[in-house]
Amino acid sequence: MVRVGVIGCGNIGRVHAMSVTGVEGVCLCAVADIKRERAKEFSDCFTGGKAAVYGALKDMLEMEELDVIHICTPHNCHVPMAVMGLKKGISVFMEKPPAITRAQFEELLAAEKESRGRLGICFQNRYNETTKKVSQILKEGTLGRVKGGRAFVTWNRCPAYYTESGWRGGLHTEGGGVLINQSIHTLDLLLHWLGKPVRTEAAMSNHHLKGVIGVEDTVEAYMEFTEGEDPVRASFYATTAYGYDAPVLLELVCEKGVVRLEGNSVFYRTWEQEDFICWKAAGTTVPGKTYWGCGHEACIRDFYKCLADKTAYRNDLPSVENTFYTMMDIYDSARNKER
Ligand SMILES: NC(=O)c1ccc[n+]([C@@H]2O[C@H](COP(=O)([O-])OP(=O)(O)OC[C@H]3O[C@@H](n4cnc5c(N)ncnc54)[C@H](O)[C@@H]3O)[C@@H](O)[C@H]2O)c1
């Protein structure tokens with residue numbers, strides 16, 4: 001039996017607990033939260049009180065013989081907690097972002113290399129049916145080579161979302177705003193199809209949460225992926241100042257046509273075709289909020305399968321390196337006002 005602990009019993013911790021308890025051969029044995037009463041409620045809700053309850057990761061690791069920990073805490077805790085687990089030889093499944101500074105990312109890479117534990121990052125949207133469909137359409141080749149892309153994340157976050165959390169909206173606790181938190185998944189998908197930018201130019205602002213948060217509520221980035229006069233390029237825009245959580249839109253323009261992912265649908269056409277063909281992902285029940293996507297369960301299940309089979313995990317640390325460093329480049333460009 002694989003013995004698992006979850007640290008951070010808030011919103012997303014619930015989705016992890018639900019997913020873990022559904023995997024055969026895996027047992028949720030311990031839960032921890034700085035607000036101990038949350039961990040107690042969690043244990044009662046997901047394990048009928050069987051999971052041991054802790055107020056800190058350090059105590060949980062001292063008292064329990066765990067094989068895997070899930071890190072579902074605020075951004076600034078991710079790396080210190082992951083390193084703590086990896087140093088003990090425990091495997092770690094960690095929520096995004098993988099780090100909030102370049103130095104932290106390097107530290108994590110080193111800790112993973114030295115550990116016999118494995119590390120998986122929760123970029124669950126890579127597992128969405130729509131993501132697979134776009135990849136399949138591109139692979140079929142009818143649309144030709146990808147020439148560029150655009151992506152829009154236009155969501156709504158109210159002041160209470162930040163003020164009541166105790167960690168969101170602060171540079172030292174969240175590491176940034178809409179880019180590192182809400183839209184990192186969409187940037188990850190865009191880069192999945194476009195590769196590594198050779199040039200990035202970005203701007204960010206705080207439009208509707210001035211005086212409430214110390215990070216950006218809006219970011220826009222222009223990226224080039226090849227050199228030359230007509231480079232492969234992308235436009236990226238993300239905001240939490242919109243009126244509602246509109247479905248994420250990501251489009252790739254190709255030599256012979258276009259493919260667009262919007263929410264649960266994929267639209268595609270060649271330039272010769274008059275209308276878009278529309279493909280819809282089958283309806284699934286999503287634990288948690290619908291805009292988190294439906295990939296959590298598949299992403300977590302795959303992590304345990306790879307641990308059991310001793311095979312490479314798709315969302316390992318090297319696989320998120322391009323997304324992480326591009327995100328940091330976007331922040332640097334926006335802060336320093338340079339390419
Ligand atoms: N993959 C996704 O789509 C997705 C969606 C939502 C959240 N997240 C990520 O999950 C993480 C948590 O987000 P959330 O919305 O669940 O936040 P949350 O505030 O609801 O939950 C965080 C929990 O961690 C606890 N905590 C804080 N510091 C702690 C510490 N030092 N030790 C133990 N517990 C501590 C808090 O008390 C809280 O219960 C963030 O990294 C966020 O970006 C990912």
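Colleague: Welcome me in with one end of the chain: where is the place of Lys337?
Modeller: Residues are numbered from 1 along each chain as its sequence is written. This is a predicted model, in which local features need pLDDT of at least 70, side-chain atom pairs count only at pLDDT 80 or more, and totals for chains, interfaces and linings use all residues. Helices (H or I, at least four residues) and strands (E, at least two) are DSSP runs numbered from the N terminus. On that numbering, Lys337 sits in the segment after helix 11.

Colleague: Is Lys337 buried or exposed?
Modeller: A residue is buried if 20 or more other C-beta atoms lie within 10 Å of its own, exposed if 12 or fewer, and partly exposed in between, with C-beta atoms placed from the backbone. Lys337 has 9 C-beta neighbours inside 10 Å, so it counts as exposed.

Colleague: What is the phi of Lys310?
Modeller: Most residues other than glycine have a negative phi. Lys310 lies in the loop between helix 10 (296–309) and helix 11 (317–336), and it is exposed, with 7 other C-beta atoms within 10 Å. Although Lys310 is not a glycine, its phi is positive, at about 55°.

Colleague: Which residues does a cis peptide bond join?
Modeller: Most peptide bonds are trans. Here, look in the loop between strand 5 (91–95) and helix 5 (102–114), where Pro97 lies. With omega about -5°, the cis bond joins Lys96 and Pro97.

Colleague: What is the radius of gyration of the chain?
Modeller: The chain has eleven helices and 14 strands. The globule rule is 2.2 Å times the number of residues to the power 0.38, and the radius is taken over C-alpha atoms. For 339 residues the rule gives 20 Å, and the chain comes close to that, so it is as compact as a globular protein of that length, with a radius of gyration of 20 Å.

Colleague: What percentage of the residues in the chain is buried?
Modeller: The C-alpha atoms fill a box of roughly 65 × 45 × 40 Å along the principal axes. Of the 339 residues in the chain, the buried ones make up 45%.
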